[in-house]
Amino acid sequence: MLEIPGILERAHSRRSFLQASGYTALAAALNQRLLAAREASPQQPLRSCILLMLYGGPSQIDTWDMKPHAPSEVRGDYRSIQTSVPGLMNCEHLSACAQLMHKLTIIRSMHHDLTNHNSAMYQALVGKSPVSNNEILGANRMRDFPNVGAAISYATARGALPKTENPLINLALPHVMHNVVDLPGQNSGFLGGSHDPFQINADPNSDQFQVQNLQPPPGISEPRLQARRSLLRSLDHLDVGDSDLEQYQRRAFELLQNPAVQAAFQIEREPPRVREDYGRHKLGQSLLLARRLVESGVRFINVHDGVLNGQTVNWDSHANLFLRHRELLTPFDQGFAALIRDLDQRDLLDSTLVIAMGEFGRTPHVNANGGRDHWPNCYSVVLAGGGVRGGTTFGASDHLGVYPQSDPVTPEDLAATIFQRFGINPEIEIRDRTGRPFQLSEGQAIPVFDSRLT
């Protein structure tokens, strides 16, 4: 993950030099394809994307795809309630979202075949299948495919998307997700570290919230910082071959000296009423910060709900699901609904795609411990904004929620949808550091948007 102070001081090894040479070749090849894609496809009105990852896997049957007429061991303990769309029901603990159902689209047929948190998260964030079903993938592997946010960052850097005033393109908060290792799929893989998300590891709900990476190193005044930048510029004529290092340095100075970046993180400027509306908890304030980042021009914002699976309160509920999910659904319902309302009131919803999802769902049948186990074969994803036709569902599960009954959707399809909505052709070819070609996405865009925008 990108960290600023260390970049200003770090000396790179010969190994970094050799890696950078590969990035340079990759950049040239991908640049041509991205520019061609931009000319071939008209720009879409998408400004930003907020991806809310509910790490651990929420139960679709106890949230967005309830089965009130199924046997008790399937339908569970929660009641269904009416939403703002006649005939569409959701969970009683999603009452705020129920009032906004006319703004949401629920995909009820998402599926894949990966039952391990690590491999499933990789597929969810990247939109590519790992080598094997239950491969325990390591973190920050340089041969991995870049995640969707990293691809958006690269497209922006290469001119396939318009520049924004904010040099931050791809950002993640408020923590890194971890399961033995940092979960794969949270980085830029073979595109190089300059497209990694800018990682925030701090709670926006804290009175002491501060983004340490945006603070100058201790003892470095503004004049001294400028002197360092001048020194680096004086060395620009030297061909050291480390283009990745140059990007790090340029980005570091831009972030440290950009007023828009600094202001975006000053969440304490929000009126108390707004902060209360989102909820004075980690998730609610992270979503409020995401809205501020959209306003400042950040394109892709990853919000992580959950640090570790298997802890007392998390979405990975193999036991006591109905108690544990209720504790999680309350802040989610408050924060997610507030985000949709806030974006809508600020005329940002149509240009901001909001996605809420887990890496998989839960088993249709409740187990002996009152929980549900991992189930990637059929689960739900929520979309809002970005031109989505609200008040609808796409795809359907069968009567027990075991498998898709119609219009099955994969993580590859969701990735292709995001790329298309940003105006990037999902079929363009990119290459890794060895020159091997890969299609950006093998998925098919999901037809849930206003046809005038696609």
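Me: A polar contact is a pair of N or O atoms within 3.5 Å, of which, within protein, one must be able to donate a hydrogen and the other to accept it. What makes the pairing of the side chains of Asp 342 and Arg 291 a polar contact?

Reply: In this predicted model, the side chains of Asp 342 and Arg 291 are joined at 2.9 Å, and the limit for a polar contact is 3.5 Å, so the pair falls within it. Asp 342 has a further polar contact of this kind, at 2.7 Å, with the side chain of Arg 346.

Me: Where is Asp 342 found, and how do you know whether it is buried or exposed?

Reply: Asp 342 is in helix H12, which runs over residues 321-345. Its relative accessibility is 7%, and buried means under 20%, so Asp 342 counts as buried. Once the neighbours within four places in sequence are left aside, the residues in contact with Asp 342 are Val 274, Tyr 278, Leu 288 and Arg 291.

Me: Why is Ala 150 called buried, and which residues does it touch?

Reply: The relative accessibility of Ala 150 is 0%, and the cut-off for a buried residue is under 20%, so Ala 150 counts as buried. This residue belongs to helix H6, and, not counting residues up to four places away in sequence, it touches Asn 170, Asn 187, Ser 188, Leu 191 and His 195. From C-alpha to C-alpha, Ala 150 is 9.2 Å from Val 126, a residue 24 positions apart from it in sequence.

Me: Why is Asp 407 called partly exposed, and what is the value of its phi?

Reply: The relative accessible area of Asp 407 is 43%, whereas buried means under 20% and exposed over 50%, so Asp 407 belongs in between, as partly exposed. Asp 407 is placed in the loop between strand E16 (404-406) and helix H13 (411-421), and its phi is near 50°, a positive value in a residue other than glycine.

Me: Which kind of peptide bond joins Leu 173 and Pro 174, cis or trans?

Reply: The bond between Leu 173 and Pro 174 is cis, with omega at about -5°, and Pro 174 itself lies in the loop between strand E5 (170-173) and strand E6 (178-179). Most peptide bonds are trans.

Me: How many cavities of 30 Å³ or more does the structure hold, and what lines the largest cavity?

Reply: A search of the whole structure finds four such cavities, and the largest cavity has about 120 Å³ of space. The largest cavity is lined by 17 residues, of which Leu 54, Pro 58, Thr 63, Trp 64 and Ser 380 are the closest to its centre. Strand E13 gives the most to this lining, with three residues.

Me: How do you know which classes of residue line the second largest cavity?

Reply: The second largest cavity has about 100 Å³ of space, and the closest to its centre, of 16 lining residues, are Leu 51, Ala 124, Leu 125, Val 148 and Phe 300. Ala, Leu, Val and Phe count as nonpolar, so these five belong to that class. The lining of the second largest cavity has 11 nonpolar, five polar and no charged residues, and helix H13 supplies the largest share, four residues.

Notes
Residues numbered from 1 in each chain as written. Predicted model: local features only at pLDDT ≥ 70, side-chain atom pairs only at ≥ 80, totals over all residues. Heavy atoms only, no water. Helix = DSSP H or I, 4+ residues; strand = E, 2+ residues; numbered from the N terminus. Buried < 20%, exposed > 50% of the residue type's maximum accessible area, 1.4 Å probe, protein only. Contact = heavy atoms within 4.5 Å. 1 Å grid on protein atoms, 1.4 Å probe; cavity = no way out; pocket = protein on both sides within 12 Å on 5 of 7 lines; lining within 4 Å. Points joined across faces, edges and corners; volume = space filled by probe spheres on them.
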